[in-house]
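Visitor: I have a structure to go through and some questions about it. Can you put it up?

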Amino acid sequence: NSGQGGEILYRWGNPGIYGRGTISDQHFFESHDAQWIPDGYPDAGKIMVFNNGNGRPDGNYSSVEVIAPPVDENGNYNLVSGKPFGPMAPDWIYKSPVNVYNFFSAVMAGAQRLANGNTLICEATKGNLFEVNPLGQTVWQYVSPVGLTGVIKQGDAADQNMVFRAPQYAATYPGFVGKSLVAGLPIETNPLPYKCGTASPTSVALNSIIENNLSVANPFNNSIEISALSDISNGQASLINLLGVRSGQWPINLKAGQRQSLATTGNLPTGMYILQLSDGVSKQSIRLIKE
């Protein structure tokens, strides 16, 4: 009897807990921040969950998942006798596209569907905030520079910089009335020169690469992972350290949706680098961290 309290109307992710499955049917592992996607947003009415991933049979990694509960015309959740609640699988899922184990927050964390169809994700234990498009490609990323010892210098690796959640609020949010929304200075100490702009399909300012044709994973280790958002031909990428010394150069020829791994030399020291990208028409740069 919905609306009167006391009844579990719908559950998903571990049917063994209500006697309609086994451990092999478990899908959620210490999940967090379940929420309905609002009306007017892509996938409205579906449920988004941050699946923290503790205790997965194939190892610990996190994912963000969207499920579409089976609801009838009266708003009741359908449950077939002897069967678990549907659906059989999520409608949409985000995992790290490079290595699933790179994306993991054992506690806290969350995700939010945005009006433009992208998803804002908070990887809590790493203080890693990023937005992905429907294809799972990262369109911007920000790592909190504030840890237990305070604000770090730009370019240094952040440590113990956990962020519980990071919901986005529209400029029309009532709490902003009478408040200045003008961007301030960088939080990090000793900031490098920077230039940010805004462009669709991202929801906030981002470091764009070749006018949003390309997204780049950051930080990187032994290779730089890039994804094409549209066709790129006769492009070129160069990696340069802060002394202006080129550390690598690669040709870029990709169709939309294709990925490329730019292998770097194994002896690159950790720190800040500049990735310069050109397609013969435009040229832009992005700062990357070598782990």
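Visitor: What am I looking at, and how are residues numbered?

Guide: This is a predicted model, in which local features need pLDDT of at least 70 and side-chain atom pairs count only at pLDDT 80 or more, while totals for chains, interfaces and linings use all residues. Residues are numbered from 1 along each chain as its sequence is written, and side-chain values use heavy atoms, with hydrogens and water left out.

Visitor: How many helices and strands are there?

Guide: The protein chain has 0 helices and 17 strands. Helices (H or I, at least four residues) and strands (E, at least two) are DSSP runs, numbered from the N terminus.

Visitor: What box do the C-alpha atoms fill, and what share of the residues is buried?

Guide: Along the principal axes, the box for the C-alpha atoms is roughly 70 × 50 × 40 Å. Of the 291 residues, 37% count as buried. Buried means under 20% relative accessible area, exposed means over 50%, and partly exposed is in between (1.4 Å probe, protein chains only).

Visitor: Let's take a strand. How many residues of β6 are buried?

Guide: In β6 (residues 119-123), 5 of 5 residues are buried. Thr-119, Ile-121 and Glu-123 point one way, Leu-120 and Cys-122 the other. In a regular strand the side chains alternate between the two faces of the sheet.

Visitor: Which strands are joined to β6?

Guide: β5 (residues 110-113) is joined to β6 by 4 bridges and runs antiparallel to it, with Ala-111 opposite Ile-121. β7 (residues 128-132) is also antiparallel to β6, through 5 bridges, and there Cys-122 stands opposite Leu-129. Two strands count as paired if DSSP finds at least two bridges between them.

Visitor: And the turns?

Guide: The β5 and β6 hairpin has 5 residues between the strands, and Gly-117 takes a positive phi near 95 degrees. The β6 and β7 hairpin has 4 residues between its strands, with Gly-127 in the turn at a positive phi of about 60 degrees.

Visitor: Which residues other than glycine have a positive phi?

Guide: Most residues other than glycine have a negative phi, and most peptide bonds are trans. Among those with a positive phi are Asp-43, at about 70 degrees, and Ala-109, at about 80 degrees. Asp-43 lies in the loop between β1 and β2 (47-51), whereas Ala-109 is in the loop between β4 and β5. Ala-109 is buried because its relative accessible area is 0%.

Visitor: Which peptide bond is cis?

Guide: The one from Gly-86 to Pro-87 is cis, with omega near 10 degrees. Pro-87 sits in the loop between β3 (63-67) and β4 (92-94).

Visitor: On to salt bridges. How many does the structure hold?

Guide: It holds 5, a salt bridge being a side-chain nitrogen of Lys or Arg within 4 Å of a carboxyl oxygen of Asp or Glu.

Visitor: Which residue does Arg-165 pair with, and where do the two sit?

Guide: Arg-165 pairs with Asp-33, with the closest N and O atoms 3.6 Å apart. The two are 132 residues apart: Arg-165 is in the loop between β10 and β11, and Asp-33 is in strand β1 (residues 32-36). Arg-165 is partly exposed at 36% relative accessible area, while Asp-33 is buried at 15%.

Visitor: What does Glu-123 meet?

Guide: Glu-123 meets Lys-126 in a salt bridge at 3.1 Å, N to O. Glu-123 is buried, with 2% relative accessibility, whereas Lys-126 is partly exposed at 35%. Elsewhere, salt bridges that share partners join Asp-43, Lys-46, Asp-91 and Arg-113 into one network.

Visitor: Now the inside. Which residues touch the most others in the largest nonpolar core?

Guide: Ile-224, Ile-226, Leu-239 and Leu-275 do, in a core of 19 residues. A nonpolar core is a set of buried Ala, Val, Leu, Ile, Met, Phe, Trp, Tyr and Cys residues joined through side-chain atoms within 4.5 Å. Strands that each supply at least two of its residues include β12 (223-228), β13 (232-241) and β16 (271-278). Apart from it lies another core, of 17 residues, including Met-48 and Trp-92.
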